[in-house]
Structure formats: C-alpha cells, structure tokens
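Reader: I'd like to learn how to read a model like this one. Could you walk me through a few features?

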Amino acid sequence: MIKGKHIVVGVTGGIAAYKAAMLVSLLKKKGADVHVCMTKNACQFISPLTFETLSSNRVVTDTFSREAPYEVDHVSLAKLADLVVVAPATANILGKTANGIADDFLSTLLLAARSKVLFAPAMNTAMLHHAAVQRNIEQLRNDGCLFVAPGSGMLACGDIGDGRMAEPAEICDAIEDVLTEKDLADVRIMVTAGPTKERIDDVRYLTNRSTGKMGYAIAEQAARRGAKVTLISGTSALPVPGGVEVRYIESAQQMYEVCTEVFPQTDIAIKAAAVADYTPAVYQPGKMKKGEDMQLQLVRTQDILQELGRQKQHQVLVGFAAEAADLEKNAVGKLQRKNLDMIAANDISRTDIGFGSNENLVTLFFADGSKKVLDKADKHLIANGILDEAAAIYRMKK
Ligand SMILES: Cc1cc2nc3c(=O)[nH]c(=O)nc-3n(C[C@H](O)[C@H](O)[C@H](O)COP(=O)(O)O)c2cc1C
C-alpha cells in the first residue's frame, strides 16, 4: 500500500525527467508523502518548482545548501524513506551507486538508504547495452536493488530501441508491489469477473452492464499480496493484472464449467462476475432474419454459487449481491441459501458507485450474522477490505 508511505524520488539528468513529474503526481494521489531529490543535471531538464508544487515538500538539489529542509541532511531523509525510487536513473547514477560513489546529495542518500531502492533506468540504447552499464545493473541487483526495466520505442535522441523509461503508471505499480506485504503468499484465490454473454444467434447475444472492474481489482490486489490467483473472466477490455492467471469464458455455462474445475484447488473463491440467470432456449446458428414480432424463450442457467456452496469443504466462499432494493434482506437471504461465508452487497440504484465506476461502497454480511460497511472508496481499496475479511475467515477455518 502506497497510502501514508514516505517515498523519496530521486530525479537524475535525463530527458525522461519530465515523466518523473507524472510519477510524483500519481504517488501523491495515492496518498504518499513524497520527497524529491534532484541532481544538479536534472535541474537542467525540469525545474525543482514543478516537483515542489506536485509533492508539497521542499525539493533537495544540493548536499551543502544552508537551506536544506531536513534537520540533518541525506541521512535523515534516508532514514525517513520507506522506499527510494530513482526515476529516471541515468547511466551515471547507476555507475556511481554500483561503485559506492557519493559525490552529491542523491548518490550520498542512496548509500545511506536503509529501505529498498528501485531504479527506473532511461538512456540511449547504446548506453544501456554498454558492458559497463550492464555490469553496474548486475552489481546493483546483487546488492539487492530493484529495477523497473526500460521499454523499447522511439527515444528522445531519435533512435528506436531499448532505453525508454517505463511509464509512470508502470513505475507506480512496481512501487505498490514493493510496498505491499505478501500476507496471502500461501493462499490460492479464484476470482470471477465481468459479464457473461448468452448467444441468440451468431451476431446477437444477451449480456449485462458489468465491466469487470471490481473483480479485476480483487485479482490484482490478491496477486500483489502474494496469492496464487486464477481470474475467470467474461469479455472485458481491462488489462490482466500482473501475476494473475486468466481463464476467459463467454457464457454462464462456460463460467460454470471453469469454476467447478478450479474450485477444488482453491482456498478462497470470490464471485464478482455478473452471470446471466437466463439464456435463450434455442441458439440459432447464422443470423436470424427480420420478420414479424417475435418472442424469445429463455431458460434458467446453472446457479454456480449454489453449486460451489454445495461442494464447499475447506474453501471460503464469497458472493456479491447487486441489489436495487431491500439490500440487507436480499443479501442475507442469498448468503444463507447458498452456504456462503460472506457476501458483499452493493446498491445498484446509485449511479456514483458499482457498474463501470472506479469506486464502490459495499456492506459485507457474514455467516455468523455480523456485518461491516466498507465506505465509498476506490475499488482497489474495497478489494483489499474484502480480501482482509476473507483471509481472516480462511485462517480461522484452517
Ligand atoms: C539532452 C541530454 C539528454 C540526456 N539524456 C540522458 C539519458 O536519458 N540517460 C542518461 O543516462 N544520460 C543522459 N544524458 C547525460 C547525462 O545528463 C549525464 O551523464 C550527466 O552527467 C548525468 O548526471 P546525473 O546522473 O548526476 O544527473 C543526457 C544529456 C543531455 C545533454
């Protein structure tokens, strides 16, 4: 979790320095306390004022300044840091750190750091592939430093090749990974997400408004916390979170088949998908021709949650209830009927949360009759709240 963490961002003299501004902004939005240190050369590329404004903290550019904002200096900032991130990291800073050279504020702080250090290198392709730079990267890895690998593409110098600094969002993800405790390392989690599609013919289908955001957020956070995650997903435009195994399905029947296959090797199953309750009685191959008014006959799909509740042994089974009215009564009824350990209920009559939104507000109801409200927040925070409770039940059952 980034929220409340003290993160030192070191900015060095590369053209990608401007992207560090976006990184600082992302970290601040996630609730971090960000302190920026710039090398003298970095100040040629971007003004300290930009970082000062974005971070709401004084920016350090010089070891020997009489106006240094920290009580002591590099040592107190190094002590404060939960993580030091160098983005962009020039060939120069990599070489200096790998060889223990401390000739300015940032390089001195890097030697004094007790926290983990994450480098996001950025440089011309020939520089990156130079034997000395590769040797320094190897040395830093052996010393325990972490890296967000540069990508490939058009570089500022006009060359096309490796050396482009990773995008700020990718660096932010890596920071989140480093700062997240791996408390679910021994747990196998199955998450379902997204809508199902029930085919009418080869061009038409019945579906619903689910985008998969809630389920994907749960899968992402579970993987980040070290769980072995299988995500069973309906069609979704969302990227598959790192470290997550994904199984795509289309129909409720396919969802049923994959869920019942994966469930026996699962410790916690969280069913956030919006699965169709009905499917066309007849599927028409090809494309139905337009004609008179028609009626579409629908038949019930298999109730996956009910079936998993019936098969449940050691597993913790978590359902979702999207309700437009009588939230508590309907959610608790579903929890009991389907033999769930917990149900996360959300009110779909509200337009500011739920379907398609980045935020959610859920009430968790438990098999022991208790309940807990997870206040309106980003779906990733809600995901962590759900995982905390599910993991607590799992450890109690074990
Ligand atoms: C326009 C320009 C762009 C540069 N871009 C990079 C770069 O992307 N990566 C890099 O390692 N060096 C780059 N350099 C060279 C560094 O600025 C130089 O090695 C400097 O000594 C780095 O100092 P620092 O690591 O203390 O910031 C660039 C230099 C100039 C003039």
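This is a predicted model: local features need pLDDT of at least 70, side-chain atom pairs count only at pLDDT 80 or more; totals for chains, interfaces and linings use all residues.

Reader: Which atom of Gly13 lies 2.6 Å from an oxygen atom of the ligand?

Author: A backbone N or O atom of Gly13 does. Thr39 uses its side chain instead, with a polar atom 2.7 Å from a ligand oxygen. For Ala122 the backbone takes part again: one of its N or O atoms sits 2.8 Å from a nitrogen atom of the ligand. On its own the ligand has 640 Å² of accessible area, and the protein covers 63% of that.

Reader: How many residues are around the ligand, and which come nearest?

Author: There are 14, and the nearest are Gly13, Thr39, Thr90, Ala91 and Ala122. Helix α4, residues 91–98, supplies the largest share of this shell, with 3 residues. Sorted by class, the shell has 7 nonpolar and 7 polar residues, and no charged ones.

Reader: Now the helices, please. How do I read a packed pair?

Author: Two packed helices are described by the angle between their axes and the distance between the axes. Here, take α9 (residues 213–224) and α13 (residues 379–397): their axes come within 8 Å and cross at roughly 65°. The crossing is right-handed.

Reader: Which residues of α9 and α13 meet there?

Author: From α9, the residues include Met214, Ala217 and Ile218, and among those they meet in α13 are Ile382, Ala383 and Leu387. By class, this contact has 8 nonpolar, 3 polar and 3 charged residues.

Reader: And the backbone? Is the peptide bond from Ala87 to Pro88 cis or trans?

Author: That bond is cis, with omega near -5°. Pro88 belongs to strand β3, residues 83–89. Another spot to check is Ser56, which has a positive phi of about 60° although it is not a glycine.

Reader: Where is Ser56 placed?

Author: Look in the loop between α2 (48–55) and α3 (74–80).

Technical notes: Residues are numbered from 1 along each chain as its sequence is written. Side-chain values use heavy atoms; hydrogens and water are left out. Axes are lines fitted to C-alpha atoms, for helices over the stretch in contact, and angles run from 0 to 180 degrees between N-to-C directions. Helices (H or I, at least four residues) and strands (E, at least two) are DSSP runs, numbered from the N terminus. A crossing is left-handed if the near helix is turned anticlockwise from the far one by less than a right angle, and right-handed if clockwise. Contact means heavy atoms within 4.5 Å. Ala, Val, Leu, Ile, Met, Phe, Trp, Tyr, Cys and Pro count as nonpolar, Asp, Glu, Lys and Arg as charged, and the others, Gly among them, as polar. A residue is near a molecule or strand if one of its heavy atoms lies within 4 Å of it. A polar contact is a pair of N or O atoms within 3.5 Å; within protein, one must be able to donate a hydrogen and the other to accept it, and residues adjacent in sequence count only if both atoms are side-chain atoms. Accessible areas come from the Shrake-Rupley method with a 1.4 Å probe; for residues, only the protein chains shown count as cover.
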